[in-house]
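Hi,

Here is the structure I promised to pass on.

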Amino acid sequence: MSFRPDHEIHRRRLGRNVGLGLTLVAFAAVIFGLTVVKVTESGPIQGYDHVVQPGLVPQEGTQ
C-alpha cells in the first residue's frame, strides 16, 4: 500500500492552515494575558445589586 505524493496545492493549504492556527493561538494568548492582567491589577470591585452602597453615595461637604 503506497501513498501518492501530496499535490502542490495540499502543501500550500497546509502552510496556510498552520499559519492561521498559529495566529489564532497567538490571539487567544493575548486575550488571556489581558484578562489575567485586568483581573489581578484591579482593586475591589463593587457590583450593582440594587442595594444602596455607602461607598458610592456622595458625602456632604465634598467637592
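Below is what turned up, starting with the whole chain and then going through a few residues.

A word on the source: this is a predicted model, so local features need pLDDT of at least 70 and side-chain atom pairs count only at pLDDT 80 or more, while totals for chains, interfaces and linings use all residues. Residues are numbered from 1 along each chain as its sequence is written, and side-chain values use heavy atoms, with hydrogens and water left out.

The overall picture is quick to tell. Of its 63 residues, 2% count as buried (buried is under 20% relative accessible area, exposed is over 50%, and partly exposed is in between, with a 1.4 Å probe and protein chains only). The accessible surface of the chain comes to about 6,600 Å², and 65% of that belongs to carbon and sulfur atoms (areas are from the Shrake-Rupley method with a 1.4 Å probe; for residues, only the protein chains shown count as cover).

Now to the charges. The structure holds one salt bridge, meaning a side-chain nitrogen of Lys or Arg within 4 Å of a carboxyl oxygen of Asp or Glu. R12 and E8 form it, with their closest N and O atoms 3.2 Å apart. The two sit about one helical turn from each other because they are four residues apart in helix α1. R12 is partly exposed at 43% relative accessible area, and E8 is partly exposed too, at 42%.

There is also a nonpolar surface patch of about 400 Å², made by F27, V30, I31 and L34. (Patch residues have over 30% relative accessible area and no salt bridge; like charges are joined within 9 Å, and nonpolar side chains, i.e. Val, Leu, Ile, Met, Phe, Trp and Tyr, within 5 Å.) I31 lies in helix α1, which covers residues 8-41, and is partly exposed at 40% relative accessibility.

Last stop, T40, also in helix α1. Its relative accessible area is 55%, so T40 counts as exposed. The T40 side chain reaches the backbone oxygen of V36 at 2.9 Å and that of V37 at 3.3 Å.

Cheers

Key
Polar contact = N/O pair within 3.5 Å; in protein donor to acceptor, adjacent residues only side chain to side chain.
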